[in-house]
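Hi there,

Here is the structure I promised to pass along. Have a look, and then read on for what turned up among its charged side chains.

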Amino acid sequence: MRRTPVLAVIGIIAGGCLFLGGYKAAAALSGPGSAQDPLVTKSFVEEYVNKLLGQQGGGGGWRIDNVAPGQTVEARGGTELIVRAGKATVSDPSRSGIADLTSGTNLAAGQAVAANHLLLVPKDGRGLKASTAVVVMYRGSVELK
C-alpha cells in the first residue's frame with residue numbers, strides 16, 4: 001500500500017481552510033448592513049408599505065379628513081368609510097349604491113349616511129357628499145372634490 005505524504009494532507013487541509021475562510025469573508029461582506037443587503041429603519045418600511053397600499057387602493061391604516069359642506073369624497077373600490085361627525089349623503093353617479101355594513105343595507109344615491117356606520121365602496125367613483133362640515137375616517141383611497 002502506498003502512504004499519502006504528510007505534506008499532501010496538510011496541503012489539502014490548508015486549502016480547505018482557505019476556501020472556507022474566503023467563503024465566510026464573502027458572506028460577511030454581503031450580510032445585513034452591507035451594500036448588497038442594507039439595513040433599513042422601521043419607519044422607512046412602514047412608509048413604503050403604506051405608500052404602496054395607498055396606490056393599490058388597499059388600506060394601510062385609517063386616515064381622517066375634514067370635509068367642507070358641499071364637498072364630495074370620491075372613493076376607489078374597496079375603500080371603507082365612516083362618518084364620525086356631521087351630515088352626509090351618498091354620492092353615486094351609477095345609482096347602484098354603497099354597502100352599509102353596520103346595518104346590512106344598501107344606501108342609494110342621495111340617502112343620508114348614519115354616523116359611525118361602516119360603509120364599503122364597491123366600485124370607483126362612489127362616495128359621500130357633505131351636507132354640513134363632516135369628519136370622515138377612511139381606509140383605502142379617496143379624493144376630495
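A quick definition to start: a salt bridge here is a side-chain nitrogen of Lys or Arg within 4 Å of a carboxyl oxygen of Asp or Glu. Please keep in mind that this is a predicted model, where local features need pLDDT of at least 70, side-chain atom pairs count only at pLDDT 80 or more, and totals for chains, interfaces and linings use all residues. Residues are numbered from 1 along each chain as its sequence is written, and side-chain values use heavy atoms, leaving out hydrogens and water.

How many salt bridges come out by this rule? The count is three.

Glu74 and Lys145 pair up through their side chains, with 3.3 Å from N to O. Glu74 belongs to strand E2 (residues 72-75) and Lys145 to the segment after strand E11 (142-144), 71 residues apart. (Strands are DSSP runs of E, at least two residues, numbered from the N terminus.) Glu74 is partly exposed at 26% relative accessibility; buried means under 20% relative accessible area, exposed over 50%, and partly exposed in between, with a 1.4 Å probe and protein chains only.

Next, Glu80 bridges to Arg139, their closest N and O atoms being 2.7 Å apart. This pair links strand E3 (residues 80-85) with strand E10 (residues 134-139), 59 residues apart. Glu80 is buried at 18%, while Arg139 is partly exposed at 27%.

Finally, Asp92 and Arg126 form a salt bridge at 3.4 Å, N to O. Asp92 sits in the loop between strands E4 (88-91) and E5 (98-100), and Arg126 in the loop between E8 (118-120) and E9 (127-130), so the pair ties together parts 34 residues apart in sequence. Both residues, Asp92 and Arg126, are buried.

Best wishes

Notes. Helix = DSSP H or I, 4+ residues; strand = E, 2+ residues; numbered from the N terminus.
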